[in-house]
Amino acid sequence: MINGAVSFWWSQLGGPPPRRAPLPGPRECDVAIVGAGYTGLWTAWYLKQADPSLDVVVLERDAAGHGASGRNGGWLSGLLAGSRDAYAAEHGREAVIAAQRAMFATVDEVAAWCAEQSVDCDLVKGGTLDVATSEPAQRRLAKTLAAERAWGFGEEDWRALSRDEVAARVHVRGTRGGLFSPHCARVHPAKLVRGLAAAVEAAGVPIFEDTPVTELRPHVAVTARGDVRARWVVRATEGYTAGLAGERRRLVPLNSAMVATEPLGDAFWARTGWDGCETMLDAAHAYCYLQRTADGRIAIGGRGVPYRFGSRTDRAGEVADRTVEQLRARLGHLFDGLEDVRIDHAWAGVLGVARDWCPSVGADPATGIAYAGGYVGDGVSTTNLAGRTLRDLLLGRESELTRLPWVGHRSRAWEPEPLRWLAIHGVYALYRRADRAEERTGRPSRAGALADRVAGR
């Protein structure tokens, strides 16, 4: 088993491409984008398409797609991350519904871009399936569906599936029922970010790798290789934001661990189904997320060590043996014949989370600093919407995108240490406790609701 170093996605491609050259020295430009993940690359792409005369540069600490963009679960999801109620309190109900509709449309926006640019990233728009394997989980799904209906989203957006309807899509042990939404696609994350980076370069945007930015000042990105001065400096660092001076408590870098199985063979897929390549979520408190890969494996992710003291990030991406075994055990719990499945690759990455779990986008003309992030794990699609929104904000355009409720949203800072570490680890301990209790008793656990309240979700 390969553990860490690069994700399974990159290893499938023979590893990341050769490193691009670093920043050669001080520079001036129109827009300096810090971070060559999905957010930074989509922003660069849409800016250059809107105004080819713009001088745009991208500054990257490691390599394009090294972070979450090349390590995620491959869900191009139409889910609006964050709290609808929090957004509605500031902007009203209709603005939140517009944001959700914009997220639904983003799935098709990315799919169309991939087709137009001939980027083959194993994209299949099969929707997403949330499966309950316990009675408490089934009750949570019923509450979720009721909430969707209350927000005005009908059968065409979310619908309940019976036990038999779930089984007709994919055979999961102990299925009680599920929810299905068509607004999701499976993708190969590294193929997508590799294709996006190539398209950005072809549009005339240089990507300077091995160029850590240490601080953002008004109209300046500070690097050891020289300052980059720009009309706009875009912070697109997501889970790595805490590494910038003065940003330690802005976004918490939560860890997510993943494993990919060996190829599972025709016999397994014949009895399991999953021919639609739906992304799948296990509706537990400490949930796991899965996809059927294009080469016939299952990639499954969930939390290992949720957070490192002081918002530190692990660049090696290794996964603890205990976490690998927990994810393997979950596969055996969900699927017949996978009790002793071989794991070929394990890896980890970080995702950015604001204190109120709400992503945000903004641009301050006074300082020339713009930002987007806090996607809480839904960044494969949300980054595209962020890139288009930043385009309009930086070009001074009023649009439907600039009126979305996450524009200008401000979350309060995370607590200082050690409170931050204690709270986050305590919340995930409560979630694990709730799952164990529900599996043992078949009744809802109060620990899960308490964890939600403490987390502020």
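Start by selecting strand β17: it is mostly covered, with 11 of its 11 residues buried. As you explore, keep in mind that this is a predicted model.

**Stop 1: the sheet around β17**

β13 covers residues 252-261 and β17 covers residues 343-353; the two pair in the antiparallel sense over 10 bridges. Val259 stands opposite Ala346 in β17, and Pro253 stands opposite Gly352 in β17.

Look for Asn3, which stands opposite Ala346 in β17. Strands like these pair through backbone hydrogen bonds, either parallel or antiparallel.

Next, show the whole sheet. It is an open sheet of 9 strands with mixed pairing, in the order β1-β17-β13-β16-β15-β14-β5-β7-β6. Which strands stand at the edges? They are β1 (2-3) and β6 (159-161); each has a single partner strand, so one side of each is left without a neighbour in the sheet.

**Stop 2: a residue in β14**

Select Asp282, which sits in strand β14 (residues 279-282). Is Asp282 buried or exposed? Its relative accessibility is 4%, so Asp282 counts as buried. Show side chains here, and you will find that the side chain of Asp282 makes a polar contact with the side chain of Arg330, at 2.7 Å.

**Stop 3: a helix across the strands**

Select helix α5, residues 135-150. Helix α5 lies across β5 (128-132), β6 and β7 (177-181), and runs at about 30 degrees to β7.

**Stop 4: helix α2**

Move on to helix α2, residues 38-50. Helix α2 is mostly covered, as 11 of its 13 residues are buried. Among them are Tyr38, Trp42, Trp45 and Tyr46.

**Stop 5**

Select α4 (residues 93-116) together with α10 (residues 379-394). These two helices pack at an angle of about 95 degrees, with their axes 9 Å apart. That angle makes α4 roughly perpendicular to α10. To see where they meet, show Ala102, Met103, Thr106, Glu109 and Val110 in α4, then Ser381, Thr382, Asn384, Leu385 and Arg388 in α10. In an α-helix there are 3.6 residues a turn, so residues three or four places apart point the same way.

**Stop 6**

Select α7, residues 189-202. The length check works here too: at 1.5 Å a residue, 14 residues should span 20 Å, and the end C-alpha atoms are 20 Å apart. In α7, 10 of the 14 residues are buried, so the helix is largely enclosed by the rest of the structure. The buried residues include Leu192, Val193 and Leu196. What covers the buried residues of α7? The cover includes α1 (8-12), α2, α4, β9 (207-208) and α10. Just after α7, click on Gly204, which takes a positive phi of about 100 degrees.

**Last stop: Gly65**

Finish at Gly65, in the loop between β3 (56-59) and β4 (75-77). At 2% relative accessibility, Gly65 counts as buried. Leaving aside residues up to four places away in sequence, Gly65 touches Trp10, Ala36, Gly70 and Val193. Select Leu196 as well: Gly65 and Leu196 are 131 residues apart along the chain, and their C-alpha atoms are separated by 9.7 Å.

Conventions:
Residues are numbered from 1 along each chain as its sequence is written. This is a predicted model: local features need pLDDT of at least 70, side-chain atom pairs count only at pLDDT 80 or more; totals for chains, interfaces and linings use all residues. Side-chain values use heavy atoms; hydrogens and water are left out. Two strands pair if DSSP finds at least two bridges between them. Helices (H or I, at least four residues) and strands (E, at least two) are DSSP runs, numbered from the N terminus. Contact means heavy atoms within 4.5 Å. Axes are lines fitted to C-alpha atoms, for helices over the stretch in contact, and angles run from 0 to 180 degrees between N-to-C directions. The expected span of a helix is 1.5 Å times one less than its number of residues. Buried means under 20% relative accessible area, exposed over 50%, partly exposed in between (1.4 Å probe, protein chains only). A polar contact is a pair of N or O atoms within 3.5 Å; within protein, one must be able to donate a hydrogen and the other to accept it, and residues adjacent in sequence count only if both atoms are side-chain atoms. Angles under 35 degrees count as roughly parallel, over 145 as roughly antiparallel, 65 to 115 as roughly perpendicular and the rest as oblique.
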